[in-house]
Amino acid sequence: MQLDHFINGAPVPGDLVLERRNPSDTRELVARFPDAGADVVDAAVVAASAAQPAWAAASPEVRADLLEAIATTLFARSAALGELLAREEGKTRAEGTGEVLRAARIFRYFAGEAIRLHGRTLASTRPGVEVRTHHESLGVVGLITPWNFPIAIPAWKAAPALAFGNTVVMKPAETAPAMASALAGIIAECGAPAGVFNLVLGAGGAGAALAAHSGVDGISFTGSQATGQKVVQSTAARRARVQLEMGGKNPLVVLADADLDRAVAIALDGGFFQTGQRCTASSRVIVEDAIHDEFVARLAQRACALNVGHALDPATQVGPANSEAQLARNLDYVGIATGEGGRLVCGGQRLEREHPGWYMAPSLIADTDPAMRINCEEVFGPVVSTIRVHDYDAALSVANAGDFGLSAGIVTNQHDRARHFRRNVRAGMVMVNLPTAGVDYHVPFGGVRGSSHGPREQGFAAFEFYTTMKTVYEAG
Ligand code: UN1
């Protein structure tokens with residue numbers, strides 16, 4: 001598959017200097033694609049700027065119809081797109097197809113939101129004056145998207161952007177160009193006017209050029225803290241709006257009263273499904289002493305039994321790491337954790353399969369200390385650590401340690417404990433008796449501290465980033 005940029009309603013080819021291989025079988029070349037330079041990014045921003053006034057002025061019904069058509073197309077093609085997603089990203093076919101359906105539902109949700117956008121009318125403090133708020137589009141938005149949800153995250157950024165009258169330039173991760181291209185093709189096919197949605201492919205330089213472009217009114221970014229920091233510096237310098245999602249080191253607290261089978265199932269899902277490659281993954285499991293050893297033994301048994309294999313094999317439960325670099329990072333962190341005194345209970349090694357791929361055994365490291373690097377730094381792989389605590393208060397304080405604050409979970413049947421945790425844990429999302437990962441699409445998503453910056457994404461909160469407010473005073 002040879003991919004092009006997509007600018008002003010037409011494919012724009014470039015030198016095919018980059019390639020993407022299937023992480024389940026690296027002999028398979030999934031896509032070859034170009035690396036946008038500043039000139040290509042500029043052309044896309046110019047096209048988006050030119051298209052923006054007419055798109056914002058169109059009836060909300062026009063925008064709703066486009067999003068509805070995109071949703072319908074994604075529903076209809078979920079099987080083929082789910083397969084492409086699994087081949088390109090490495091998550092299982094079921095996870096890939098599920099993600100395409102999630103993207104479809106996001107577009108359908110924002111088709112409704114396009115119509116519902118409204119302001120407020122208030123009585124002025126001055127007689128004879130009316131005062132209202134209007135929400136207008138922000139303008140041209142740049143979307144810098146990660147590889148781990150290669151269609152759902154583009155959908156939850158692009159759908160509200162388009163719904164509220166913005167035009168888009170999207171730069172997807174360099175390990176997920178084919179899904180982004182498929183989405184751009186569908187948006188065009190469903191009737192988006194030229195310039196409304198533009199795609200530039202490439203590596204980090206293309207994203208940096210987009211973040212720095214003076215014609216871009218806002219950047220929505222999901223990725224690492226290091227890149228997020230560069231994005232915020234670049235946007236702050238020109239006072240553009242910015243929204244950053246930068247991952248987590250999400251704690252899952254398991255209290256002694258918890259049903260062990262349930263707690264183990266929650267930890268297994270949150271820690272290892274989707275190869276642990278979720279910013280919401282339960283990567284730190286904090287367990288009360290009374291059940292710690294039994295919990296670790298059962299989780300290790302379940303983790304070892306997970307079937308790691310080719311993403312398209314129906315028996316596979318955990319696909320490969322997304323890239324060779326990600327696999328190397330995962331293995332490095334196992335070494336760092338054991339080097340600092342953690343006890344490797346299961347996994348920890350690369351796996352060989354009949355296809356050459358970036359496979360890794362689900363890995364559990366027990367007896368870790370909250371201050372160890374494994375408990376402070378995001379790994380983004382199937383690597384889970386456990387921390388033993390003597391009571392709930394200690395668990396809460398460990399959960400609140402560190403620089404992240406995206407999602408936090410607790411497994412308990414004690415209502416008062418769950419409520420105390422919900423009120424006192426420092427996180428943007430709290431899960432009671434649920435994995436820290438796996439969120440609904442119609443409610444706000446985001447974290448606190450080093451995890452997020454700027455307005456929340458998704459659901460009814462999304463309009464805050466993608467619109468600007470105007471206050472109108474009118475005398476008769
Ligand atoms: C989820 O847990 O369902 O990059 C979504 C990520 C997050 C999305 C997680 N922004 O993993």
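User: What volume does the largest pocket have?
Analyst: In this predicted model, the largest pocket holds about 1000 Å³ of space.

User: How many residues line it, and which lie nearest its centre?
Analyst: The lining of the largest pocket comprises 40 residues, and Trp147, Phe221, Gly223, Ser224 and Thr227 lie nearest the centre.

User: Which element gives the largest share of that lining?
Analyst: Helix α8 does, with six residues. Other elements that supply at least two residues each include β7 (140-145), β8 (167-172) and α11 (324-339).

User: And by class, how is the lining of the largest pocket divided?
Analyst: There are 18 nonpolar, 15 polar and seven charged residues in that lining.

User: What about the second largest pocket: what is its volume?
Analyst: Its volume is about 290 Å³. Of the 20 residues in its lining, Arg102, Phe149, Gln274, Arg278 and Gly438 are nearest the centre. Two or more lining residues come from each of α4 (93-116) and α5 (152-163), and α4 makes the largest contribution, five residues.

User: How many of its lining residues are charged?
Analyst: Six are charged, beside nine nonpolar and five polar residues.

User: Changing topic, where does Lys470 lie?
Analyst: Lys470 belongs to strand β22, which spans residues 467-475.

User: Which residues is it in contact with, beyond its sequence neighbours?
Analyst: Leaving aside neighbours within four places in sequence, Lys470 is in contact with Arg132, Thr133, His134 and Glu136. With Glu136, the side chains form a polar contact of 3.0 Å.

Terms used. Residues numbered from 1 in each chain as written. Predicted model: local features only at pLDDT ≥ 70, side-chain atom pairs only at ≥ 80, totals over all residues. Heavy atoms only, no water. Helix = DSSP H or I, 4+ residues; strand = E, 2+ residues; numbered from the N terminus. Contact = heavy atoms within 4.5 Å. Polar contact = N/O pair within 3.5 Å; in protein donor to acceptor, adjacent residues only side chain to side chain. 1 Å grid on protein atoms, 1.4 Å probe; cavity = no way out; pocket = protein on both sides within 12 Å on 5 of 7 lines; lining within 4 Å. Points joined across faces, edges and corners; volume = space filled by probe spheres on them. Nonpolar A, V, L, I, M, F, W, Y, C, P; charged D, E, K, R; others polar.
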